[in-house]
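Good morning, everyone, and thank you for making the time.

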Amino acid sequence: LDLYNSGSGGTLAISNVTAMSGETYEPVQTSLQNGELVYIDRTYTFTNVPDYLEGAAYIKTANNDKNSVGDQFLSFEVNQDVTVYVGHDVRISEIPLWLQDFIDTGDEIVTSDTTFRLFAKDFAAGTISLGGNEGGLTRSMYTVIVVFRASGGSCTDNDGDGYGVGNITLCTYPEIDCNDNDAAINPGASELCDGVDNNCDGSVD
């Protein structure tokens with residue numbers, strides 16, 4: 001099954017989704033939103049999806065695999081460079097070793113069952129492998145969100161004002177800087193009557 005998500009650089013295809021458990025995971029096209037099913041084997045739904053992930057492609061995993069272990073458990077193929085977000089149950093105190101290579105975004109995605117911490121990592125086109133959930137039988141299986149990466153996987157703060165440009169979701173920068181070459185101009189600045197959009201809200205003075 002191939003599912004697609006359009007981006008400025010082309011069309012994203014997710015294919016050959018394989019879980020070591022033998023469960024038939026389901027890629028879902030551009031449908032991540034509140035009310036959508038999280039798993040193939042439960043009726044839990046998403047109840048609070050971060051704005052920047054709404055409409056993204058995601059993979060319905062199986063909650064029966066919540067006790068899965070190891071560094072090689074789930075694999076799938078993508079034909080474009082992507083950012084993969086893994087939502088891991090906040091009730092699991094220690095994240096798996098393989099997930100420690102991901103960046104903790106500081107964001108969460110909430111379902112009717114539990115809350116998941118969002119971890120992100122950039123991948124080039126090709127085969128992507130993820131490990132097991134390692135959550136025991138009383139926790140929930142992770143969820144996987146795949147986002148087309150139209151512009152590189154890095155972010156920068158050229159003027160050092162704490163706001164940056166680039167793939168902000170993988171950085172600690174709270175918002176996009178509309179002028180990353182002037183530290184006095186950023187979303188946290190005060191608007192001045194000087195003919196310049198100081199606070200990056202799209203309006204001058």
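Let me begin with a definition: two strands are taken to pair if DSSP finds at least two bridges between them, strands themselves being DSSP runs of E with at least two residues, numbered from the N terminus. Please keep in mind that this is a predicted model, in which local features need pLDDT of at least 70 and side-chain atom pairs count only at pLDDT 80 or more, while totals for chains, interfaces and linings use all residues. Residues are numbered from 1 along each chain as its sequence is written, and side-chain values use heavy atoms, with hydrogens and water left out.

With that in hand, consider strand β7, which is joined to strand β11 (residues 143–148) by six bridges, the two running antiparallel.

How enclosed is β7? Taking buried as under 20% relative accessible area, exposed as over 50% and partly exposed as in between, with a 1.4 Å probe and protein chains only, eight of the eight residues of β7 (residues 82–89) are buried, so the strand is largely enclosed by the rest of the structure. Val-82, Val-84, Val-86 and His-88 point one way, Thr-83, Tyr-85, Gly-87 and Asp-89 the other, and all are buried.

Turning to the interior, a nonpolar core means a set of buried Ala, Val, Leu, Ile, Met, Phe, Trp, Tyr and Cys residues joined through side-chain atoms within 4.5 Å. The largest such core has 42 residues, and Phe-76 and Leu-130 are those with the most contacts inside it. Strands that each supply at least two of its residues include β2 (10–19), β6 (74–78), β7 and β11, although the largest share, five residues, comes from β9. If we count contact as heavy atoms within 4.5 Å, and leave out residues up to four places away in sequence, Phe-76 touches, among others, Ile-14, Val-84, Leu-130 and Val-144.

Finally, the cysteines: where a disulfide is a pair of cysteine sulfur atoms within 2.5 Å, a search of the whole structure finds one. That disulfide joins Cys-178 to Cys-200, with an S to S distance of 2.1 Å, and at -80 degrees about the S-S bond the link is left-handed. Cys-178 counts as partly exposed, at 45% relative accessibility, whereas Cys-193 is exposed, with a relative accessible area of 76%.

Methods: Helices (H or I, at least four residues) and strands (E, at least two) are DSSP runs, numbered from the N terminus.
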